[in-house]
Amino acid sequence: MSALLPKAPWTARQDLAALVRALGHENIRWVGGAVRDTLLGADVKDIDAATSLRPEDVVAACREAGLKTVPTGIEHGTVTVVLSGGPVEVTTLRHDVSTDGRRATVAFAQDWREDAARRDFTINALYADPETLEIFDYFGGLEDLKDRRVRFIGDAHQRIREDHLRILRYFRFRARFGAGDPDAAAEQACADLAATLKGLSRERIGMETMNLLALPDPAPTVARMQALGVLAEILPEADVPSLAALVAQEQAQGIAPAAIRHLAALIPADVTLSAQIASRFRLSGVQKKRLMSAANRPGATALPQALAYRLGVPEAVDALLLAGRDATGLGNFTPPTFPLKGGQIVARGVAAGPQVARVLSNVEAAWVDEGFPDAPRIEALLEAELARPQ
């Protein structure tokens, strides 16, 4: 008896049913993450479909059915269909014509197994009939999923030579799904071809690395990457034990993981180096600022709420956890607004200018250190500051 995909909320979506009607039931199957995660009982975020129709035929069929399409990767066979429940990427069956480790030239195909053969891992090459929910498994993905084993389809070296980024994808999937023993052939291929990562763009390296670090506990996987010589190719500065210690703090305190925080733990506490790594990974300005804030390691002795006021709540949580301190008190904390204004100081007889700014700064610092007291205490702090010799 064929395996069936368990029914899930997304499998009953009416907008997806409309897409199936538009393309024809026999021409479309769900594939990849949605199938894999449904089998694992995990939440499904993105829906991908494979089709035997050519991309121009997908566009035409959707247009006739009143469905909007966007040619997001039409040269590679991918059309995004915009549905009320979220977009769906529909990709024509393909086989590789040539690859160079960074990009592939593909040709459209008609054979589902041929399409599955060009995918990376067996657990990502599971297809499901949208009506019967029958699962099509060409390379033992169901058994690997049951055993929580991440295994390349076919020859691991060949799969990596087709796309060098698959090395990092292997470790990300290991960190997310691989509770079982690692696949020896996969690890050997990753170790043998680790140097090929240097040929990839910084954006691809950075994005895949941050996706790995965003997982709840990437430390054991990162340690394995280090042992196999992979980590040295992308982050030679890494200190894996510090990452493991941070993850232990997050788990003990029930605080959600954060990729930037994990990266901060993984590298030395050096602001200049943090800026360099942010540039190397092509991080956003916001990410770079947070990484550099963590590099200052300001959380050793400061009061948690004072840290949150001065740095921002996420940055303060980072600082406290990296210092091994309790950050749970910031869970619902919103930094208050300092109520004293410069005009109030001028009204007390202080000439406008640098002296007002100095008084304001000193009173604010005292207010923060005292835990944000109320207006009468602010007035007393101001009186004390004004009484000091200027």
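What follows is a short report on a pocket, a cavity and the cysteines of this predicted model.

## The second largest pocket

Let's begin with the second largest pocket, which holds about 190 Å³ of space. Its lining is made up of 13 residues. Among these, Thr11, Ala12, Ala17, Pro130 and Glu131 lie nearest the centre of the pocket.

Helix H1, spanning residues 14-23, gives the most to this lining, with five residues. By residue type, the lining of the second largest pocket has seven nonpolar, two polar and four charged members.

## The largest cavity

The structure also holds one cavity of 30 Å³ or more. About 40 Å³ of space lies in the largest cavity, and the residues lining the largest cavity are Thr209, Leu212, Leu213, Val222, Met225, Leu231, Ile234 and Leu266.

Which helices supply this lining? At least two residues each come from helix H9 (202-213), helix H10 (219-227) and helix H11 (231-234). H9 gives the most, with three residues. The lining of the largest cavity divides into seven nonpolar residues, one polar residue and no charged ones.

## Cysteines

How many disulfides are there? The count comes to zero, where a disulfide would need a pair of cysteine sulfur atoms within 2.5 Å.

Are Cys62 and Cys190 buried or exposed? Cys62 counts as buried because its relative accessibility is 0%, and buried means under 20%. Cys190 is likewise buried, with a relative accessible area of 0%.

Technical notes:
Residues numbered from 1 in each chain as written. Predicted model: local features only at pLDDT ≥ 70, side-chain atom pairs only at ≥ 80, totals over all residues. Heavy atoms only, no water. 1 Å grid on protein atoms, 1.4 Å probe; cavity = no way out; pocket = protein on both sides within 12 Å on 5 of 7 lines; lining within 4 Å. Points joined across faces, edges and corners; volume = space filled by probe spheres on them. Helix = DSSP H or I, 4+ residues; strand = E, 2+ residues; numbered from the N terminus. Nonpolar A, V, L, I, M, F, W, Y, C, P; charged D, E, K, R; others polar. Buried < 20%, exposed > 50% of the residue type's maximum accessible area, 1.4 Å probe, protein only.
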